[in-house]
Amino acid sequence: MGLHIASSPATRGMALVVDDESTNRLVLAAMLKREGFHVVEARNGSEALTRFEASRPDIIFMDVMMPGMDGLEATQHLKTLSGNDFVPIIFLTALHDDQSLVRCIEAGGDDFLSKPFSFNVLKSRIVAMERVRDLHRHIAAKNRMLARLLEIDRQEQVLAERIFSHAVNDRNVAGENLGILMRPAATFNGDLLLSQYLPDGSLRVLLGDFTGHGLSAAIGALPVADAFHSMTRKGVADEVVLEEINRKLHRVLPTDRFMCAFMVTFPVSGGDLRWWNGGMPDGLVCHAEGIHRLASHALPLGILPELSHSDAPRRRPLRMGDRLLLITDGLLEAQDAEGRAFGQAGWPELIANWTCDRSLLAPLLQSLDAHCADTDQQDDIGAVEIPVTVDIFGCANLGAVPSSQGGVACSVLLRDGRLARTPSMAHLLGPLGLQEELGAHLGALETVLHELYTNALEHGILRLPSWMKATPDGFSAYYVERESRLAAGPVGSIRVDIAYESGPPGTIRITITDSGQGFDFGKPPEPLSVSVKPWGRGIALVRELCESVNYCNLGTQVEAVYRCV
């Protein structure tokens, strides 16, 4: 060509030359080597793919017209193989019409040179493509680093959300008896559901909706949960709990943030539902006569430093079998692919067909999923359905106090519909802080409590005679009758008192007192090894495990003393 080609000492990477003419490959390879490239060659498109996978070149020079797989088809495959890595492809073509050049670019080419080409133009094209390639690689490296940082941040958020959720939700109660739907729009949920028992076993539930969503929306949940759980367990009145939560949120949240909330209290003794709605969608009470709405009547929490006295909690009659549904506005505003809100599309029909003899949650989930499909939602979705049954209530907790013998004690009182559930020793020891200390004795203590409580329930409250178990048929009839009397609704109460006296050895006193008429406890006790009757073996086992078992008050009260040795 009459040009002096100065050799370059720098290594500029690998170049792939694809041409069916060996002379063209030879000339171009020589030029590229002088420019500091290592060169591999291919005679057609198929060879180009093989060479590319073997050597991963930094730049490709591609002839257009070749037998077999031409340059256009080969380029399409090469771009696919490159993935996110930018490898510039320069077409070498004798074609000069605009349509041919457009086809080269559409196939994935990044530049082209017309044959015969000038070496100076070739060098300038190489420099231009290297700049573009290096820019792509720099951006790709930054993107990879950003992706790694985002993944680390995502993992940390997931971990923080898990810890955060446990801190907020682990104290909730009655979850197995509530229908719950909580779907966050981001990692952190700005909707908040809390539930806790009052000392008499009444249930209090709060559904909250912070402004926005994500971490900034969820951060206020911790002080709300702390105040709600601690004050509810102490039996603090509804309005006082709301006032404390309002003060906390007003103090910790920015001025443009607040929490809409719906709080309800279900009294274990029956009577009116106590409810408060601050900025939430209507609560729905489903009863035999239809649907009653509990509309918002107060400002959300955290806006003003003090709640207005005119916004006090309200009351509504409630009966066993009724159902209450609380929702956040994210449910009503959930959109389908066409932007239609669920509150307009599927919600009205669901509510119109809802009756108190069936749960709404399953059809609600089905309808919501069909509506939203794969559409990303912009707000958190929350709902809780509460059936008014005896199962939602807790035991009456009479508190944990110091015992007269220098230890600690606690008591629970169960009435009527709650009697069917035998209390757990592990649950009772929790408030006393003794679960770990008495862990080795927990199995035996559970047995003692279960046998004494069952005896008080079956003979004291249900008045079932032991002699029914004298025959196999009678044994079966005994438990059929037991279930029948429980289903009919037992009336009465059983009180459980647990007292721990520090040792060594430590002593647990378990006292069970029922409101029944008592039973015959005067028969001399038989050792467990010789008790062959199909009844009485439970009490015999308790006597074997305990230091003493004593009945009084005509058999309505029993005290068992267990030594932790």
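What share of the contacts in the protein with a separation of 6 or more is accounted for by residues 24 or more positions apart? The share is 66%, where contact means heavy atoms within 4.5 Å.

**Before starting**

The model is a predicted one, in which local features need pLDDT of at least 70 and side-chain atom pairs count only at pLDDT 80 or more, while totals for chains, interfaces and linings use all residues. Residues are numbered from 1 along each chain as its sequence is written, and side-chain values use heavy atoms, with hydrogens and water left out.

**The whole protein**

Display the complete model as a cartoon. The protein contains 16 helices and 21 strands; these are DSSP runs numbered from the N terminus, with helices being H or I of at least four residues and strands being E of at least two. Of its 565 residues, 46% count as buried. Buried means under 20% relative accessible area, exposed means over 50%, and partly exposed lies in between, with a 1.4 Å probe and protein chains only.

**Stop 1: helices α2 and α3**

Select α2 (45–55) together with helix α3, residues 71–82. The axes of α2 and α3 come within 9 Å and cross at roughly 15 degrees. Such axes are lines fitted to C-alpha atoms, for helices over the stretch in contact, and the angles run from 0 to 180 degrees between N-to-C directions. The angle makes α2 roughly parallel to α3; under 35 degrees counts as roughly parallel, over 145 as roughly antiparallel, 65 to 115 as roughly perpendicular and the rest as oblique. The crossing of α2 and α3 is right-handed. A crossing has this label if the near helix is turned clockwise from the far one by less than a right angle, and is left-handed if anticlockwise.

Now show side chains. On the α2 side, Gly45, Ala48, Leu49, Phe52 and Glu53 meet Ala74, His77, Leu78, Leu81 and Ser82 of α3. By class, the residues of this contact are six nonpolar, three polar and one charged. Ala, Val, Leu, Ile, Met, Phe, Trp, Tyr, Cys and Pro count as nonpolar, Asp, Glu, Lys and Arg as charged, and the others, Gly among them, as polar.

**Stop 2**

Select Arg56, in the loop between α2 and β3 (59–63). Its phi is near 45 degrees, a positive value in a residue other than glycine. Arg56 counts as partly exposed, at 39% relative accessibility.

Then select Ala373, in the loop between α12 (361–372) and β15 (381–387). Ala373 also has a positive phi, of about 50 degrees, although it is not a glycine. With 57% relative accessibility, Ala373 counts as exposed.

**Stop 3: helices α7 and α8**

Select residues 221–233 for α7 and residues 238–252 for α8. Their axes come within 9 Å and cross at roughly 160 degrees, and the two helices are therefore roughly antiparallel to each other. α7 passes α8 in a right-handed crossing. From α7, Pro223, Val224, Ala227, Phe228 and Met231 take part; from α8, the partners are Val240, Val241, Glu244, Ile245, Lys248, Leu249 and Val252. This contact has ten nonpolar, no polar and two charged residues.

**Stop 4**

Select Gly343 in helix α10, residues 342–345. Is Gly343 buried or exposed? Gly343 counts as buried, at 15% relative accessibility. Apart from its neighbours within four places in sequence, Gly343 is in contact with Leu332 and Pro348. Gly343 and Leu331 lie twelve residues apart in sequence, and their C-alpha atoms are 7.3 Å apart.

Move to Ala426 in helix α13, residues 425–429. Ala426 is buried, with a relative accessible area of 18%. Neighbours within four places in sequence aside, Ala426 is in contact with Gln435, Leu442 and Glu446.

**Stop 5: helices α14 and α16**

Select residues 442–461 for α14 and residues 537–545 for α16. The axes come within 9 Å and cross at roughly 140 degrees, which makes α14 oblique to α16. Their crossing is left-handed. Ala444, Thr447, Val448, Glu451, Leu452 and Asn455 of α14 form the contact with Gly538, Ile539, Leu541, Val542 and Leu545 of α16. These residues divide into seven nonpolar, three polar and one charged.

**Last stop: cysteines**

Select Cys546, which counts as buried at 8% relative accessibility. Cys564 is buried, with a relative accessible area of 15%. The structure holds zero disulfides, a disulfide being a pair of cysteine sulfur atoms within 2.5 Å.
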